[in-house]
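Here are a few exercises to work through with the model open beside you. Try each task before reading its solution.

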Amino acid sequence: LARLLTEKREELASSHGLQWRVTGIHTRRHGSIIDPEGIDLALALRRMDGGQSLESPSSAAAPADGPAFIRACKGDVLFENTPVNYESGQPAVDHLRTALQCDMHAITANKGPVVHAYVELSQLAARRNLRFLFESAVMDGAPIFSLWRETLPAAVLQSFRGILNSTTNLMLTLMESGDSFEQAIARAQALGIAETDPGGDISGMDSAVKVAALVTVLMGFPFKPHQVERMGIESIPAEEVRSALGRGRRWKLICQAQRAGSEVTAFVRPEQVDVSDPLYSVMGTSSAVTFHSDVLESLTLVEGNPGPDTTAYGLLADLLRAVALRG
Ligand SMILES: NC(=O)c1ccc[n+]([C@@H]2O[C@H](COP(=O)([O-])OP(=O)(O)OC[C@H]3O[C@@H](n4cnc5c(N)ncnc54)[C@H](OP(=O)(O)O)[C@@H]3O)[C@@H](O)[C@H]2O)c1
């Protein structure tokens with residue numbers, strides 16, 4: 001995000017009337033800095049890339065506690081990108097709540113607070129005429145939430161089916177080409193694709209949290225990850241992945257949710273798909289989702305090879321939605 005903001009500084013100013021400066025950066029192990037005049041992002045990036053602390057002997061002291069840091073920072077927008085906490089959404093929920101209470105827009109790529117505090121944070125934002133936005137939380141930078149919020153008025157989502165976890169899709173792709181399960185995990189980690197703890201990807205928990213986020217926000221049905229029936233890819237041997245391919249089928253970790261009367265049922269589980277399925281050709285880190293609504297029979301969004309850069313774009317797009325003066 002820091003790189004993207006810097007690259008697009010001119011364009012944001014000329015096309016969107018947006019001038020910006022970063023007044024604070026808070027991390028867990030790399031220090032915390034505040035400078036109301038604007039932090040030197042190039043220097044901060046060099047320090048991070050070199051594994052150094054952001055702090056220097058001349059840095060002003062910044063609170064080490066997240067909410068205290070946010071209160072001290074006095075920005076207009078908070079970007080909250082701590083690792084996902086599947087069980088409670090913390091500390092992200094506290095960070096986002098504090099930002100909104102301090103009159104900052106709250107933007108996150110973290111799906112935890114979406115499933116654990118969507119209603120509370122959205123209502124708090126609305127009461128204070130602010131935005132709580134999370135475009136990157138489910139499909140990296142692809143416009144999944146804004147698609148529904150901004151371009152499909154009065155459409156009612158009936159069901160969706162997709163591939164929402166890059167790590168497992170990449171692992172299944174690598175296993176098709178000869179990797180063992182362990183080699184595939186190691187490669188996903190080396191590429192920076194796997195979550196901080198890849199166990200959540202492999203067990204299907206990451207996908208279940210994404211399904212719960214989509215059901216909560218797009219179907220208007222508050223849903224928790226434990227309500228998603230879940231099976232991961234750990235029980236599929238690499239030999240089986242290759243043998244399925246020989247039979248013209250591919251194993252995919254499928255995410256699905258469906259409205260049934262006043263209820264929603266949802267699952268995450270590995271399934272074999274054949275070439276007639278739009279998910280058959282979704283390979284590597286790519287993800288895809290097909291929506292079925294009362295007005296559009298089928299609408300598919302495919303995101304090719306997302307990564308941290310596309311996630312950063314989703315955060316930037318949310319920034320523009322929250323604060324752009326013209327566009
Ligand atoms: N990477 C992606 O492409 C992607 C895509 C979609 C969504 N997301 C979501 O975006 C979030 C960040 O992902 P990431 O890949 O950037 O994770 P990451 O590489 O693990 O970075 C997490 C950052 O949060 C900081 N941090 C951890 N605990 C903190 C705390 N209690 N208070 C303040 N800072 C804290 C860490 O600081 P230290 O380094 O000092 O520990 C680090 O800078 C996650 O919720 C993830 O699910 C990421």
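The exercises below concern a predicted model, and each comes with a worked solution.

**Exercise 1.** Find which residues of helix 5 are buried, and decide how the helix sits in the structure.

*Solution.* 
- Step 1: take buried to mean under 20% relative accessible area. Ala92, Val93, His95, Leu96, Thr98, Ala99 and Leu100 then qualify as buried in helix 5.
- Step 2: helix 5 spans residues 92-101, and seven of its 10 residues are buried, so the rest of the structure largely encloses it.
- Step 3: look for what does the covering. Helix 4 (66-73), strand 3 (77-80), strand 4 (105-108), helix 6 (112-127) and strand 5 (132-133) are among the elements over these buried residues.
- Step 4: Asp103 follows helix 5 and has a positive phi, near 65 degrees.

**Exercise 2.** Work out where the buried residues of helix 4 lie around its axis, and inspect both ends of the helix.

*Solution.* 
- Step 1: list the buried residues of helix 4, which are Gly66, Pro67, Phe69, Ile70 and Cys73.
- Step 2: view the helix down its axis. The buried residues of helix 4 fall within an arc of 160 degrees, so they line one face of the helix.
- Step 3: identify the cover. It includes strand 1 (24-26), strand 2 (32-34), strand 3 and helix 5.
- Step 4: check the N-terminal end. Asp65 caps helix 4 there, with a side-chain oxygen 3.1 Å from the backbone nitrogen of Ala68.
- Step 5: check what comes just after the helix. Lys74 takes a positive phi of about 55 degrees.

**Exercise 3.** Compare the pairing sense of strand 9 with strand 7 and with strand 8.

*Solution.* 
- Step 1: strand 7 (residues 229-230) pairs with strand 9 (residues 263-274) in the parallel sense over two bridges. Glu229 stands opposite Phe267 in strand 9.
- Step 2: strand 8 (residues 249-260) pairs with strand 9 in the antiparallel sense over 12 bridges. Here Gln258 stands opposite Thr265.
- Step 3: strand 8 and strand 9 form a hairpin with two residues between the strands, and Gly261 in this hairpin has a positive phi near 65 degrees.

How values were computed. Residues numbered from 1 in each chain as written. Predicted model: local features only at pLDDT ≥ 70, side-chain atom pairs only at ≥ 80, totals over all residues. Heavy atoms only, no water. Buried < 20%, exposed > 50% of the residue type's maximum accessible area, 1.4 Å probe, protein only. Helix = DSSP H or I, 4+ residues; strand = E, 2+ residues; numbered from the N terminus. Contact = heavy atoms within 4.5 Å. Arc of directions from axis to C-beta. Polar contact = N/O pair within 3.5 Å; in protein donor to acceptor, adjacent residues only side chain to side chain. Pairing = 2+ DSSP bridges.
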